[in-house]
Amino acid sequence: MALRLGDMAPNFKAQTTAGEIDFYEYLGNSWGILFSHPADYTPVCTTELGKTALLKDEFAKRNVKVVAVSVDPLDRHAGWVRDINETQNVEVDFPLVADSDRNVATLYDMIHPNASATATVRSLFVIGPDKLVKLIITYPASTGRNFNEVLRVVDSLQLTANHSVATPADWIHGEDVIVVPAVSTEDALQKFPKGVKVVKPYLRYTPQPNL
Ligand code: BEZ
């Protein structure tokens with residue numbers, strides 16, 4: 001059955017370009033991003049893995065560990081990673097799972113048979129330190145993902161987890177956030193010393209609390 005938000009992310013052991021990993025052990029107490037690609041040596045995927053490598057410091061700042069999945073074998077991965085490093089001017093050092101037996105693709109429902117019988121779609125899961133699925137996005141093979149959007153969502157998820165706030169439409173880091181409905185205005189005034197702007201009883205803003 002397909003995974004949904006709030007489900008436990010399935011654990012797995014896999015061969016990767018960084019050695020064999022147990023997914024849970026690899027993540028430890030970090031946040032995780034698990035994302036799939038249609039295949040090695042494909043142009044859009046090459047740019048996506050390059051962009052992910054480029055954002056290494058941004059992921060580290062947010063305590064996020066990244067794992068990529070591709071259904072090709074390890075020896076193919078090795079040559080492709082060299083190409084990515086060369087063409088995207090990066091150093092891919094996050095694990096790229098060699099999922100030839102489609103174990104991970106099946107666990108995470110990354111093959112959508114009506115899109116392709118064999119290739120994984122562009123699935124991306126954000127997994128919290130509690131190993132619960134916090135975000136699922138699915139893109140078609142022909143559209144590269146926006147990794148700045150992925151970082152933006154991680155920021156939002158971490159604000160919710162740590163500060164009981166939500167983020168409005170098109171929010172970007174630094175802008176005001178929304179007090180979640182579960183917090184009363186009275187409690188919000190205590191909790192958010194920078195102030196609470198009450199537009200409607202259900203629509204309350206506060207400056208981003210972790211700045
Ligand atoms: C790619 O991964 O680069 C790709 C796959 C299918 C269609 C177009 C691009």
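1. Let's start with the shell around the ligand: by class, this shell has four nonpolar, two polar and one charged residues. Here Ala, Val, Leu, Ile, Met, Phe, Trp, Tyr, Cys and Pro count as nonpolar, Asp, Glu, Lys and Arg as charged, and the others, Gly among them, as polar. The residues surrounding the ligand are Thr42, Pro43, Val44, Cys45, Arg122, Ala141 and Ser142, where near means that a heavy atom of the residue lies within 4 Å. Helix 2 (residues 43-54) gives the largest share of the shell, three residues; helices are DSSP runs (H or I, at least four residues) and strands likewise (E, at least two), numbered from the N terminus.

2. A word on the source: this is a predicted model, where local features need pLDDT of at least 70 and side-chain atom pairs count only at pLDDT 80 or more, while totals for chains, interfaces and linings use all residues. Residues are numbered from 1 along each chain as its sequence is written, and side-chain values use heavy atoms, with hydrogens and water left out.

3. On the side-chain side, a polar atom of Arg122 lies 2.8 Å from a ligand oxygen, and a polar atom of Thr42 lies 3.2 Å from a ligand oxygen. The protein buries 68% of the 260 Å² that the ligand exposes when taken alone (Shrake-Rupley method, 1.4 Å probe).

4. Finally, have a look at Asp22, which sits in strand 2 (residues 19-22). Asp22 is buried, with a relative accessible area of 14% (buried is under 20%, exposed over 50%, partly exposed in between; 1.4 Å probe, protein chains only). Leaving out residues up to four places away in sequence, Asp22 touches Asn11, Phe12 and Lys13, contact meaning heavy atoms within 4.5 Å. The side chains of Asp22 and Lys13 are joined by a polar contact of 3.4 Å (a pair of N or O atoms within 3.5 Å; within protein, one must be able to donate a hydrogen and the other to accept it, and residues adjacent in sequence count only if both atoms are side-chain atoms). A polar side-chain atom of Asp22 also lies 3.2 Å from the backbone nitrogen of Tyr24.
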